[in-house]
Amino acid sequence: RLADDAVALATSTVSVAMIVVDFFNAYIDYYGHQAGDRCLITVAEINRETLDHPEVLEARIGGEEFIALLFGEPAEIETLADAIHRHLAAAKVGHKRSGVSEKLTVSIGLASTPADCASLDEVIANADEALYTAKANGRNQTVVYSDDLRQHAQRAQDEAFGILKAIDQREFEPFIQPQQDAVTGELAGVEALLRRRMDDGSFEAPVAFMEVARANDYLTRIDQIVLEKVSDFLDQARITGVDIPRLTLNVPRERILDAGYVADLTKLSENHTTTIALELNENEAIEDHDDTLTWKLDELRDLGIEVDIDHFGAGQTSILRLMHMRPSRVKVATKLVQQVAADEAYAQVVTSIVQISRAVGTGVLAQGVETREVSDRLVSLGCTAQQGFYFARPMPADQFLQSMDRAPTRQSGVG
C-alpha cells in the first residue's frame, strides 16, 4: 500500500526491475541447499550495493527473485541493471549447471510508467513480462518493456484463452501416422501426433500453441484429453480388426517426470494389448545430468512402457549415453534420412547408426521418408522400419482406420 501511495504521489517516472537468478533450481540440485542460500546472499548483497541510491527501494520477493523500485529517469534503472550484471560477473560465482555460462548470472526485466499512474500493479506486471522475455530469449540479459512486448503479451493472453476454450470443448486430437516395414509392407506401428482443431475445421500443430500451453500449465489437461482419445482409437481399432502392434507418443521431458502422467500412461498400457512407447527428443535425453530421467525411464520400462529416442543423429548423444539409457528404438533424424540417396557421406552415417544400434540391442526407424528412392536406399543400408509422407501423412484417427481397409502401404508420388 505504501508503494502504491508512493507511485501516486511521485513527481517523476517510476521504474521497476524484476531480477531472477538463472537456473537456480539446477544450482541447488548440483551444489546443495546451503550453497543455494549462500548464492542468494551474494546476489542480494550485489543488488544492495549496486542499488544503493536514495530513490531506490529493493527487496527479495521470494525464492530466487528480487524487485527494485526507482523514482527517477528510466535510463537510470537501465544503468543500474547493467551494473548488476557486471558486478555479478566480477564475483565469479561458479555454476556448472547453468545453460548460459559457467558462472552465476541473472535475468532482468524492466518497466517504467508516468508519475501519474495510480497503481504499482501494472508496472510490476510489465516488468514481469519483460523478465519472461529475457528468460525466453536465452537469459543472462536485461529486457525493457515496450509496446511490442505489450502486443506480444496481449496475443499470448488471447492465445491462452483460445487454448482454454479448446480444452473445454475437447478440441485436441491425436493424428495417426503409420510406421511401415518397407520390405514386407506390414504395419510396424503408429505414431500419435498432437493436433488442435480450429474453429474453421483446420488443424494446428503443437509448434503454434505449445509455448503458451506450457506457460499456463495447460499440458496436463491437454494430455488427459489426448490419452483418452488414443484409448478410444485403440478400442475402435480392435473392434474393426485393425492390429496396432505399437503406438508411440512424442512427449517432452517434464511430462515424463510427472507422476500423474505416468499413471495415465500405465492405465492406457494396461487396458490395451498394443505396446505403448514414448519418444524423447535426443537433446532432452542428453541433459539428464543427475540420472533423474534415466531412473524414470527404468520405471516406465518396468511398467511395460517402451522408450524411443527421437531425432537421433542430430544431437550429441554418445555411444556410452545410448547404452546407459537403453532405449527400445532410435529414430534417425529427418535431415540425415532425406540425404541418404543423394550423398554417400549421409548414407555412411546412417549405416553407422544402424550398426551401433544393433550392437547395443536397440531398434532403428527412419523418419521423414518422402520418396521411393530414399526408402529403397534405406533398405539397402539395413533400415527397413520407416515413417514419412511416402507412406502416409498424419491423419485423423478415424480416417486412418478407414485407410487400412483400402489403401496400399506405399503412396507413390507423395512428397
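How many bridges join strand E4 to E5, and do they run parallel or antiparallel? I began with that, in a predicted model where local features need pLDDT of at least 70, side-chain atom pairs count only at pLDDT 80 or more, and totals for chains, interfaces and linings use all residues. Residues are numbered from 1 along each chain as its sequence is written, and side-chain values use heavy atoms, without hydrogens and water.

**Sheet.** I found three bridges between E4 (residues 106-113) and E5, and the two run parallel. Strands here are DSSP runs of at least two residues (E), helices of at least four (H or I), numbered from the N terminus. Two strands pair if DSSP finds at least two bridges between them. I noted Leu110 opposite Val144 in E5. I then read the order of the open sheet: E2-E3-E1-E4-E5, with mixed pairing. Strands E2 (56-62) and E5 (142-144) are at the edges with a single partner strand each, so one side of each has no neighbour in the sheet.

**Helix pair.** Next I looked up H8 (residues 219-239) and H10 (residues 259-271). They pack at about 5 degrees, with axes 11 Å apart. Axes are lines fitted to C-alpha atoms over the stretch in contact, and angles run from 0 to 180 degrees between N-to-C directions. H8 is therefore roughly parallel to H10 (angles under 35 degrees). The contact (heavy atoms within 4.5 Å) includes Leu227 of H8 and Leu265 of H10.

**Ser357.** Last, I checked Ser357 in helix H15 (residues 344-359). Ser357 is buried, at 1% relative accessible area (buried means under 20%, with a 1.4 Å probe and protein chains only). Beyond its neighbours within four places in sequence, Ser357 touches Val330, Thr362, Gly363 and Val364.

Methods. Angles under 35 degrees count as roughly parallel, over 145 as roughly antiparallel, 65 to 115 as roughly perpendicular and the rest as oblique. Buried means under 20% relative accessible area, exposed over 50%, partly exposed in between (1.4 Å probe, protein chains only).
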